[in-house]
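Reader: I would like a close look at one part of this model, its aromatic rings. Please keep to what can be computed from the atoms.

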Amino acid sequence: MDDNIFEKLKILADAAKYDVSCVSSGVDRKNNKVGSIGNASASGICHTWSSDGRCISLLKILLTNDCIYDCMYCMNRATNNVKRATFTPEEVAELTIEFYRRNYIEGLFLSSAVNISPNHTMENIYKTLLLLRTKYNFGGYVHVKVIPGADPEIIRRAGFLADRMSVNIELPTRESLHLLAPQKKAERLLLPMNQIKSETQINQEERKKYKNAKTFVPGGQSTQLIIGATNDPDSTILNLSQSLYDKVNMKRVFFSAYIPVISSPNLPALSTAPPLKREHRLYQADWLMRFYKFKSDELFTETERNLDLEFDPKLTWAFRNIDRFPIEVNKASYDDLLRIPGFGVLTAERIVKERKGALLSYDSLKKMRTALNRAKYFITVNGKYYGGVGVDPEYIKSDIRQKEIQEQLNLFQLL
Ligand code: SF4
């Protein structure tokens with residue numbers, strides 16, 4: 001690899017590490033073309049995660065870090081004194097193919113700063129995709145960033161070549177955008193999301209009529225929100241996520257704990273630790289919304305607008321709604337089973353299926369490998385309660401705390 005490309009790669013791979021919206025999921029791009037390489041289906045794009053949670057299975061780079069915008073929280077902002085670099089579309093395509101042939105990667109995650117103009121940047125992203133799919137016949141997974149403000153026609157064309165697209169919102173309110181990223185406007189960010197949603201719907205109809213019609217963004221769209229750069233509470237972040245899932249068919253919302261690298265009176269002090277636990281709780285709450293039929297507003301109260309850091313969101317919800325418990329597992333609806341801490345989707349499905357044959361016992365739940373250490377406080381099995389003194393949040397909290405301390409002590413004894 002020539003030195004110039006290597007230098008650009010160092011700069012632009014490093015600059016991409018703050019973007020976490022790079023998971024490929026549910027893509028089955030078939031690659032039946034003779035002579036083409038890469039296949040997101042057969043090779044099974046697998047995700048590996050670095051110790052700090054970043055996705056590393058894809059070649060993850062920026063097309064450029066030379067940005068015309070000046071978002072205060074961003075290393076690549078126009079007024080920051082960092083080394084700048086810009087790839088050409090041909091360079092990105094060649095790098096991807098080189099890395100793919102050497103088995104280093106299975107796909108590409110291409111993000112970008114806004115260079116010269118949104119249109120110019122999006123056009124170069126599109127050109128990269130076109131080269132990969134036509135000149136190099138690359139059938140592997142490609143996730144590209146959409147640049148808000150770019151011509152919808154370029155976004156549309158890119159969407160027929162990409163597996164996934166994402167538009168990063170970064171900050172959850174107009175006020176926060178105004179404070180830290182004044183060149184970004186909420187309406188402008190939402191436009192390409194709505195476009196991807198409607199193009200996808202049109203495409204689905206076309207594909208019903210014409211079997212060979214190309215697929216538009218088969219992996220759907222995702223976005224990223226930064227956590228902790230502003231004072232926005234978790235309720236604001238999750239309400240926005242809920243509305244993106246409901247209104248623009250967002251496939252995933254990713255949360256990225258803000259790492260203080262920039263000194264500014266509008267940002268957390270450089271000594272502030274990244275809110276990793278908070279990020280984790282947001283992912284747990286997001287999981288409840290996507291798979292457990294929770295709505296974001298159920299996870300908060302008038303006064304508590306942030307998720308509890310000690311107990312996970314499902315447990316916290318159960319403590320606040322303790323009058324709904326204990327739930328009898330042999331009678332509860334599927335939806336009620338999903339609400340029991342310790343019960344996952346598979347457990348709830350299995351209970352509904354197996355109790356048709358015979359009433360379940362506590363032992364049969366154990367055999368299902370149910371997390372009874374949590375669930376036992378919230379259920380009865382054939383009328384019998386196994387959780388100790390009673391369904392009392394304070395007792396349950398103290399029991400869980402004691403058990404966790406005991407588990408940690410046991411761990412130390414093993415060392
Ligand atoms: S537009 Fe993106 S790359 Fe440019 S300063 Fe803002 S966050 Fe950074």
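Is phenylalanine 294 buried or exposed?

Author: This is a predicted model. Phenylalanine 294 has a relative accessibility of 1%, so this residue counts as buried, the cut-off being under 20%. Its ring pairs with that of tryptophan 317: the centres are 5.3 Å apart and the planes stand at 90 degrees, so the pair is edge-to-face. Because phenylalanine 294 lies in the loop between H8 and helix H9 (313–320) while tryptophan 317 lies in helix H9, the pair ties together parts that are 23 residues apart in sequence. Tryptophan 317 is likewise buried, at a relative accessible area of 3%.

Arginine 339 lies over the face of phenylalanine 294, 3.7 Å from the ring centre. Arginine 339 also lies over the face of tryptophan 317, there at 4.9 Å from the ring centre. Both rings belong to one aromatic cluster, formed by Phe294, Phe311, Trp317, Phe319, Phe325, Tyr377 and Phe378.

Across the whole structure, a search finds 12 aromatic pairs. In one of them, the rings of tryptophan 287 and phenylalanine 291 have centres 4.4 Å apart and planes at 55 degrees, so that pair is tilted; planes must be over 60 degrees apart to count as edge-to-face. Tryptophan 287 and phenylalanine 291 both sit in helix H8 (residues 276–291), 4 residues apart, which is about one turn of the helix. Tryptophan 287 is partly exposed at 44% relative accessibility, and phenylalanine 291 is partly exposed at 38% relative accessible area.

Notes:
Residues numbered from 1 in each chain as written. Predicted model: local features only at pLDDT ≥ 70, side-chain atom pairs only at ≥ 80, totals over all residues. Heavy atoms only, no water. Phe/Tyr/Trp six-rings, centres within 6.5 Å; stacked < 30°, edge-to-face > 60°. Helix = DSSP H or I, 4+ residues; strand = E, 2+ residues; numbered from the N terminus. Buried < 20%, exposed > 50% of the residue type's maximum accessible area, 1.4 Å probe, protein only. Lys NZ or Arg CZ within 6 Å of the ring centre and 35° of its normal.
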